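Here is a short briefing to read alongside the structure. Take a look at the model first, and then follow the points topic by topic.

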Amino acid sequence: AYRKLAPALPAIERTMAQLGFLPSHYRRFSYREVAPYLPAIESQAKLADPIDTQLRTRFQRAVLQLHENLALYQALRHALQPPDSPDFLAELFRFQDAIPAGVDAVRAKEAGKPHNEDLAQAMLEMGKRYLALSDATNILTIPPEPGAADPNTWSTAGQGVLEAFGNGSVNASVLAYAGMGSAWRAQNAGQFNTVTSLYRRDMAVRLNSQLRKCAAEARFNAAAPFSSSMFLYVLAFLLLGIFSWLRWPEGLGRAAFQLLTLAWLLATAGIILRMWMGGRPPVTNLYSSALFVGWGSAGLCLILERVYRNAIGTVAGSLIGFATLVIAHYLALGGDTLEMMRAVLDSNFWLSTHVVVVTSGYASTLLAGFLAIIYVLRGVFTRSLDRATADSLARMVYGIVCFATLFSFVGTVLGGIWADQSWGRFWGWDPKENGALIIVLWNALILHARWGGMIRQRGLMCLALFGNIVTSWSWFGVNMLGVGLHSYGFTEAAFQMLTLFVAIQLALIAVANLPLAKWRSAAALKA
């Protein structure tokens, strides 16, 4: 029975993976499996591309994503050598030896003089081959030669080979990469290490500062500070922060606070290293905003814990820190997290003022909402929310909302000034601008409702919970509308997670509005 079923297993596994019953790696395909369908994929992508992003069907979005992935795969295949070359290094040496006579033969052919037809034709075919190699990729792997007119202009491997028609020798970097490839195919580790070492020594003469950053980035990736920080956040939350409420509160609470501090310091070191490597302020894209929101919220929680010493700051900080690092991890799967900035955003001044300030507003608004989650969960599902703890949480939420109102307002105004300098108008009702304004208005509404006596503790918590919805919409939701100057395109997985998050917040608001008699801490709160 197994032998009969075995040929169908791959298709069954992929179907199960599509339905979510198996991990995603079961629905991956090799290039050979996809190759017969390339014309159909190209045709469908051309049909889907002119359609507005928000009007595309799920099939059209998937086809365009597949087409982009295939284009990237082709660019990677041609990044260093033609994919059909069994020994590119030997091919380059033969080409280099043939250049003088071959170029003369081509020139003689063009001038109508006697020439070696076979040699001229072979040289023309090589030129077409390396021109196709250059056109097949946009990945710039070849650094400029010493004394180049523009020391920052890199080129493709194909362009490096084509230069040999003019100067008679193949670019040294192309030869070095070909040597590495030849050694790798032969599984000759010694030769591979020798070629790599020689090439790096040559690069150190011209690109020493860039190589230092590359080495730092390699050590940074190996150290994985954000992964370590994520682990420490989980440890502080599960093993210490929660258990300290049940037993040994003083000792475990202190240990949890120390773990949270260590996790925050690791995240701080990681953010500082990213700033140094990229030469940018801490927030430049969605990935770095997730890092900064978690870092800012955890930092505020450290302050709250130092003031109140009741483990609430520890639990909230570890929860938000872990959640935002998980978000950042999935955002990192989309590509380079230290990508080049768009021209209109290429301003370190505004990135370090508007973006940092408004993201601090995101962080503090989310923190107020997560403190409200702790209030509701402890009040409804445990007996641990006594009057003193409830009052402490209310003071925390109120203080954080005040902080969030200030930062979100100042950040929004700074964004308007930047927009005026970039686009010639202070305000244009762009979805992202509207999202930032809604955060300001919602925080102001919470404060005015509190000052006017329209809400008390539970009302404050319900409004803070809805602040999570407002912030998540401004942070992620408007990016997925497919319209506006700040749109990063629709992502189905992100939309689903955002919808789930909003549903959870609405459910918590509903739970918070249960009659007080339903709360397990009702007696303590009434007292």
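The side chain of E433 meets that of R425 in a salt bridge, 2.9 Å from N to O; a salt bridge here is a side-chain nitrogen of Lys or Arg within 4 Å of a carboxyl oxygen of Asp or Glu.

Please keep in mind that this is a predicted model, in which local features need pLDDT of at least 70, side-chain atom pairs count only at pLDDT 80 or more, and totals for chains, interfaces and linings use all residues. Residues are numbered from 1 along each chain as its sequence is written, and side-chain values use heavy atoms, with hydrogens and water left out.

**The chain as a whole**

- The chain has 22 helices and zero strands; helices (H or I, at least four residues) and strands (E, at least two) are DSSP runs, numbered from the N terminus.
- The chain has 527 residues, and 42% of them are buried.
- Among contacts with a separation of 6 or more, 71% are between residues 24 or more positions apart; a contact means heavy atoms within 4.5 Å.
- The accessible surface of the chain is about 28300 Å², and 64% of that belongs to carbon and sulfur atoms. Such areas come from the Shrake-Rupley method with a 1.4 Å probe, and for residues only the protein chains shown count as cover.

**Salt bridges**

- Side chains of opposite charge can pair when their charged atoms come close.
- How many salt bridges does the structure hold? The count is six.
- One of them joins R129 and D84, whose closest N and O atoms are 3.0 Å apart. This pair links distant parts of the chain, with R129 in helix α7 (residues 117-135) and D84 in the loop between α5 (58-77) and α6, 45 residues apart.
- R129 is partly exposed at a relative accessible area of 27%, whereas D84 is exposed at 55%.
- D84 and R129 also belong to a network of salt bridges that includes E91.
- Another salt bridge brings together the side chains of D391 and R387, at 3.6 Å from N to O. Both residues lie in helix α18, four residues apart, or about one turn of the helix.
- D391 is partly exposed at 24% relative accessibility, and R387 is partly exposed at 33%.

**Aromatic rings**

- The whole structure contains 14 aromatic pairs. Rings of Phe, Tyr and Trp (its six-membered ring) pair if their centres lie within 6.5 Å; planes under 30 degrees apart count as stacked, over 60 as edge-to-face and the rest as tilted.
- F95 and F165 make an edge-to-face pair, with 5.3 Å from centre to centre and 65° between the planes. F95 belongs to helix α6 (residues 88-110) and F165 to helix α9 (residues 164-167), so their pairing ties together parts that are 70 residues apart in sequence.
- Is F95 buried or exposed? F95 is buried, at 0% relative accessibility, while F165 is partly exposed at 26%.
- Ring pairs join F95, F165 and Y130 into a cluster.

**Charges over rings**

- A charge sits over a ring if NZ of Lys or CZ of Arg is within 6 Å of the ring centre and within 35 degrees of the ring normal.
- The charged end of R77 sits over the ring of Y31, 5.0 Å from the ring centre.
- The charged end of K213 sits over the ring of W276, 5.6 Å from the ring centre.

**Cysteines**

- A disulfide is a covalent bond between the sulfur atoms of two cysteines.
- The rule used here asks for a pair of cysteine sulfur atoms within 2.5 Å, and the count by this rule is zero disulfides.
- C214 is partly exposed at 46% relative accessibility, whereas C301 is buried at 0%.

**Loop residues with positive phi**

- A224, a residue other than glycine, has a positive phi near 50°. A224 is found in the loop between α12 (208-223) and α13 (225-246), and is partly exposed at 25%.
- W429, also a residue other than glycine, has a positive phi near 60°. W429 sits in the loop between α18 (387-423) and α19 (431-451), and is exposed at 59% relative accessibility.

**A buried serine**

- S229 lies in helix α13 and is buried, with a relative accessible area of 0%.
- Which residues does S229 touch, not counting those up to four places away in sequence? S229 touches A263, L266, A267 and L325.

Technical notes
Buried means under 20% relative accessible area, exposed over 50%, partly exposed in between (1.4 Å probe, protein chains only).
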